[in-house]
Amino acid sequence: MSRVTESVIVALLGLIGALAGTYFANRKASALIGYRLEKLEEKVDKHNHVVERTYEIERRLDVDDERFKVMLHRISDLEQEGRG
């Protein structure tokens, strides 16, 4: 074999090694990114659920505040009727 042929074979083997290393590194990185994205989606879902529950609580508080105002008004009316 000539030196040129040996150099070409060594270069091709180096290229194959570099491509294989890059491929496997990218596969591992992609798997990690996929895993982290899945976990992030779970956190976002939990957060959205908390936000929905908070809105429901706020809505209920508004209703309860209105009922409380009505009760106070009725009590005030009854007190005035009792005096009059």
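The structure holds four salt bridges. The model is predicted. The views below take up some of these contacts and the residues that make them.

**View 1. K39 and E42 pair within helix α1.** Their side chains meet in a salt bridge, with an N to O distance of 3.7 Å. The two residues lie three positions apart, about one turn of the helix. K39 is partly exposed, at 32% relative accessible area. E42 is also partly exposed, at 35%.

**View 2. R59 meets E56 in a salt bridge.** The N to O distance is 2.8 Å. R59 and E56 are separated by about one helical turn because they are three residues apart in helix α1. R59 counts as partly exposed, with 46% relative accessibility. E56 is partly exposed too, at 29%.

**View 3. R60 forms a salt bridge with E56.** The closest N and O atoms are 3.2 Å apart. Both residues belong to helix α1. R60 has 52% relative accessibility, over the 50% cut-off, so R60 counts as exposed.

**View 4. E56, R59 and R60 form a network of salt bridges.** E56 bonds to R59 at 2.8 Å and to R60 at 3.2 Å. R59 is partly exposed, whereas R60 is exposed.

**View 5. R59 and V8 mark out a span of the chain.** R59 is found in helix α1, which covers residues 3-83. R59 and V8 are 51 residues apart along the chain. Their C-alpha atoms are separated by 75 Å.

Technical notes:
Residues are numbered from 1 along each chain as its sequence is written. This is a predicted model: local features need pLDDT of at least 70, side-chain atom pairs count only at pLDDT 80 or more; totals for chains, interfaces and linings use all residues. Side-chain values use heavy atoms; hydrogens and water are left out. Helices (H or I, at least four residues) and strands (E, at least two) are DSSP runs, numbered from the N terminus. Buried means under 20% relative accessible area, exposed over 50%, partly exposed in between (1.4 Å probe, protein chains only).
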